[in-house]
Amino acid sequence: MSRPQHVVVLGAGLLGCVIARQLAKAGCTVTVLEKAVAGAESSSAAAGILGAQAENDTPGPNLALGLRSRALWPAFARELEAESGVAVGYRAQGILQLLLSEADAAHAAERLGWMQAQGLSAELLDREALLARQPGLGVEVRAALWLPDDHAVDRSEERRVGKECRSRWSPYH
């Protein structure tokens, strides 16, 4: 039997705290080091998009990792909510990537091609179809790439969960 390990995690944002949580659950002693205010760096700048497809211009290892992560999120969100008592704000409602120019639309059409070839759900919406789905968009929006399987987390709820994670699972210095 191996001895428990002491692990140092750099960064007390949501990701660092979740890593610390998982390590502690596995029996490790964890210290989280933060250079500034916990949750004030990348965690505070992120938009809450869980966009395996939205964040990739081509297929490859990053897409594969994102797709695997996206598949794990529903169970992970339920687990965090059960342990913390705080709603994560996880929403499996899809993402619209707005296209403002012909160049954006051409690039989206290329991406649509490889996504569909990979068996991923994606649809290019013209302005009329987009406005039927999302009324009130400005005149500069020409079209959108609809990614129904990408998800989001409510940023205000994510901050509350991060605070709870830091207080429960990750003493930081």
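This is a predicted model: local features need pLDDT of at least 70, side-chain atom pairs count only at pLDDT 80 or more; totals for chains, interfaces and linings use all residues.
Two strands are taken to pair if DSSP finds at least two bridges between them. Between β3 and β8 (residues 151-153), the antiparallel pairing runs over 2 bridges, and here Leu50 sits opposite His151 of β8.

Stepping back to the whole fold, the protein chain holds 6 helices and 8 strands, which follow one another along the sequence as β-α-β-α-β-α-β-β-α-β-α-β-β-α. Of the 173 residues in the chain, 39% are buried. Among contacts with a separation of 6 or more, 67% involve residues 24 or more positions apart. The chain exposes about 9900 Å², with 55% of this area supplied by carbon and sulfur atoms.

Two packed helices are described by the angle between their axes and the distance between the axes. For helix α1 (residues 14-25) and helix α3 (residues 61-84), the axes come within 13 Å and cross at roughly 75 degrees. Since angles of 65 to 115 degrees count as roughly perpendicular, α1 and α3 are therefore roughly perpendicular to each other. On the α1 side, the contact is made by Val18, Arg21, Gln22 and Lys25, and on the α3 side by Phe76, Glu79, Leu80 and Glu83.

Definitions and conventions:
Residues are numbered from 1 along each chain as its sequence is written. Side-chain values use heavy atoms; hydrogens and water are left out. Helices (H or I, at least four residues) and strands (E, at least two) are DSSP runs, numbered from the N terminus. Buried means under 20% relative accessible area, exposed over 50%, partly exposed in between (1.4 Å probe, protein chains only). Contact means heavy atoms within 4.5 Å. Accessible areas come from the Shrake-Rupley method with a 1.4 Å probe; for residues, only the protein chains shown count as cover. Axes are lines fitted to C-alpha atoms, for helices over the stretch in contact, and angles run from 0 to 180 degrees between N-to-C directions. Angles under 35 degrees count as roughly parallel, over 145 as roughly antiparallel, 65 to 115 as roughly perpendicular and the rest as oblique.
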